[in-house]
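Subject: Structure handover

Hi,

My notes on what turned up follow below it.

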Amino acid sequence: MFHFTGRVILLDIEGTTSSIQFVNETLFNYAKQNLDSYLRSHWDTDEQIHAREQIARDARADSFAAWSKSEPRQQARERLRIEVLRLIDRDAKTTGLKELQGLIWREGFQAGKLKAHIFADVPPALRSWNDAGLDVRIYSSGSVMAQRLFFAHTDVGDLSSFFRGNYDTTSGPKRSHESYANIVADIGAPAGQILFLSDIAAELDAARAAGLQTALVVRAGNAAAPQEHGHPVIHEFGEIQIDGH
């Protein structure tokens with residue numbers, strides 16, 4: 001049992017609230033399978049233009065035109081398609097990729113083709129934490145838009161009302177302590193009053209370096225954590241005891 005007396009719970013998604021298998025096999029594959037049609041049908045939209053400009057900046061280019069060498073539309077689109085597939089296959093945490101994936105997933109969620117997997121212990125914990133007056137937020141490499149879609153379209157219904165805030169890679173990389181300092185500043189609560197839950201020890205190390213409380217979430221299908229990682233371990237959210245509320 002993990003005893004928590006703070007005010008804010010900050011949650012990861014993949015491997016923490018939802019299975020890694022769902023993210024890797026369902027969400028990533030959906031983005032790959034629908035990438036070409038999405039690029040073709042939305043090429044001139046402001047959202048896709050913004051996403052591909054960010055992909056170019058992530059690749060250290062000044063603009064998409066510079067990155068694609070000002071190629072004609074068809075060649076530029078094919079160059080982008082190949083790059084996005086490469087990034088997905090290496091599970092890149094780049095902002096542009098996550099933005100574009102979120103746009104593709106939005107169509108799947110809104111059409112009812114996607115339903116987010118949620119571990120069974122998560123909904124009752126979210127209700128309990130909210131009833132206790134806790135501020136519950138998400139920090140994931142997926143875009144804020146994708147996070148909101150994810151929890152609005154789960155296999156147990158709409159859970160979006162349980163969250164007061166969302167953070168993505170625009171706050172910084174999840175393995176950098178500065179990212180957590182940025183989030184602490186936005187929340188406006190002392191770092192020691194915030195508990196970060198993740199399945200990745202390196203992320204927890206970064207959060208702890210910024211002064212947050214941490215706990216490692218161990219789920220079926222998660223990668224094994226390093227020995228002597230030094231973080232409290234939980235297997236489900238019900239193991240968190242909320243004290244003083």
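Leu216 stands opposite Val233 in β7. β6 and β7 pair in the parallel sense over two bridges. Two strands count as paired if DSSP finds at least two bridges between them. Helices (H or I, at least four residues) and strands (E, at least two) are DSSP runs, numbered from the N terminus.

This is a predicted model: local features need pLDDT of at least 70, side-chain atom pairs count only at pLDDT 80 or more, and totals for chains, interfaces and linings use all residues. Residues are numbered from 1 along each chain as its sequence is written, and side-chain values use heavy atoms, with hydrogens and water left out.

The sheet

β6 and β7 belong to an open sheet of six strands, in the order β4-β3-β2-β5-β6-β7, with parallel pairing. β4 (165-167) and β7 (233-234) stand at the edges with a single partner strand each, so one side of each has no neighbour in the sheet.

β5 pairs with β6 in the parallel sense, over four bridges. Phe196 stands opposite Thr214 in β6. Strand β2 (residues 8-11) also pairs with strand β5 (residues 194-198), in the parallel sense over four bridges. There, Ile9 has Leu195 in β5 as its bridge partner.

How enclosed is β6? Four of its five residues are buried, so β6 is largely enclosed by the rest of the structure. Buried means under 20% relative accessible area, exposed over 50%, and partly exposed in between (1.4 Å probe, protein chains only).

Helices by the sheet

β5, α9 and β6 make a right-handed β-α-β unit. Right-handed means that, with the strands pointing away from the viewer, the path from the first strand over the helix to the second runs clockwise.

Which residues of helix α9 (residues 201-209) are buried? They are Ala201, Glu203, Leu204, Ala206 and Ala207. Their cover includes α8, β5 and β6 (213-217), where contact means heavy atoms within 4.5 Å. Gly211 follows α9 and has a positive phi, near 100 degrees.

Helix α8 (residues 177-187) lies across β2, β3 (135-139), β4 and β5, and runs at about 145 degrees to β3. Axes are lines fitted to C-alpha atoms, for helices over the stretch in contact, and angles run from 0 to 180 degrees between N-to-C directions.

A helix pair

The axes of helix α1 (residues 20-41) and helix α5 (residues 95-110) come within 9 Å and cross at roughly 90 degrees. α1 and α5 are therefore roughly perpendicular to each other; the range for that term is 65 to 115 degrees. By class, their contact has 12 nonpolar, three polar and two charged residues. Ala, Val, Leu, Ile, Met, Phe, Trp, Tyr, Cys and Pro count as nonpolar, Asp, Glu, Lys and Arg as charged, and the others, Gly among them, as polar. On the α1 side, the residues include Leu27, Phe28 and Tyr38. On the α5 side, they include Leu103, Trp105 and Phe109.

Two loop residues to look at

Arg60 lies in the loop between α2 (46-58) and α3 (64-67). Its phi is near 70 degrees, a positive value in a residue other than glycine. Arg60 counts as exposed, at 79% relative accessibility.

Lys69 is in the loop between α3 and α4 (73-89). Its phi is near 60 degrees, again positive in a residue other than glycine. Lys69 counts as exposed, at 60% relative accessibility.

Best regards

Note on methods. Angles under 35 degrees count as roughly parallel, over 145 as roughly antiparallel, 65 to 115 as roughly perpendicular and the rest as oblique.
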